[in-house]
Amino acid sequence: MTRIDDLPIRDELRGKSPYGAPQLDVPVQLNTNENPYPLPEPLVERIAERVREAARGLNRYPDREAVELRTRLAAYLTRTTGHPVEVGQVWAANGSNEVIQQLLQAFGGPGRTALGFEPSYSMHSLISRGTGTTWISGPRDADFTVDVEAARAAIAEHRPHVVFVTSPNNPTGTAVDADTVLSLYEAAQAARPSLFVVDEAYVEFSHRPSLLPLLAGRPNLVLSRTMSKAFGAAGLRLGYLAADPAVVDAVRLVRLPYHLSSVTQATALAALEHTDTLLKYVEQLKAERDRLVTGLRSAGYEVTDSDANFVQFGRFEDSHAAWQTILGHGVLVRDNGVPGWLRVSAGTPAENDAFLDAVRAIKKEL
Ligand SMILES: *Cc1c(COP(=O)(O)O)cnc(C)c1O
């Protein structure tokens, strides 16, 4: 049997395994920060209608510029932040992972570096690797906050071409305040002109507002967003960015033509028509997240303060063994490889009850 390493594959991919949380068939799945609720029936109907319409035109390529969709996304950002956003400032792709890949293709690449503060979203380092960008792991404090001085020192030392800040951070849940982001942005620009990406995948769950107002006058700042989390549409694969229009022009140089299919654009437009219905789950999930925090603490666990739709909890001598034990109770959580800690997504009240029952039970077993 031929193995990957028998192929003439790039050296930096030898011996590596693909990214992905285990997709196990378990009664309670709280491992990938999805919305636990299926899409509401009126929205399902609207998607079917819009996709039927799009299907008739599938003999043609889709709108390469996705103008209607980007206009609707700009309107959503304008409405939720109170700051006017133009269509030219918004770009969309198949998940924010593709947005990040396009950014790294344009601003990273061979001979260039990207830096993020770890533990954080592992796709930032993986997409860096995939695009030939050298990854640099920046520091985080023991309580998982970003220490401004240590972070500025790391930026000054490594002079990265791309900087990632995830707020709220995954897997820790920690949000970063605007002053910290500004201070890091300035340190990065002082080191060299560089692209500064704030990954706001979970911002709708945060008590801190979006950093969108900071875009004005900062052409090297980019906000990355997604419909996978707050919109509860992970299966749709729709991510977007907001930045100076010049950043959007730069991404056009590397994007595949017609990267967003007509079906994806039609589905996303239908979902955006139902924004208010979809976002109504956010408040419910925040309340459930807070209930998880309280329940875990009263069961004797340590919990990292969370601004997202998930909670990091511990500490375990052997977090992988703890993950396995919780799985034995029918609950799938996430082992992100942070020593001593696991992550649980906020599910439905019944799912969260099952999780809390499981962690109370294993506290006795462990
Ligand atoms: C889930 C997540 C994303 C979303 O990726 P999509 O490709 O849009 O599904 C992006 N960033 C972070 C930090 C995430 O946790």
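**Domain interface**

Analyst: Happy to! Arg 79 and Asp 276 form a salt bridge through their side chains, at 3.2 Å from N to O; the term needs a side-chain nitrogen of Lys or Arg within 4 Å of a carboxyl oxygen of Asp or Glu. This is a predicted model, where local features need pLDDT of at least 70 and side-chain atom pairs count only at pLDDT 80 or more, while totals for chains, interfaces and linings use all residues. Residues are numbered from 1 along each chain as its sequence is written, and side-chain values use heavy atoms, with hydrogens and water left out.

User: How many salt bridges does the rule find across the interface of domain 1 and domain 2?

Analyst: The rule finds 1 there.

User: And where are the domains?

Analyst: Domain 1 is 21-40 + 276-365 and domain 2 is 41-273, with bounds from an automatic or database domain assignment. Their C-alpha centres lie 25 Å apart. The contact (heavy atoms within 4.5 Å) takes 25 residues from domain 1 and 30 residues from domain 2.

User: What area do domain 1 and domain 2 bury between them?

Analyst: About 2200 Å², with 61% of it on carbon and sulfur atoms. That is the accessible area (1.4 Å probe) that the two parts lose on being put together, summed over both.
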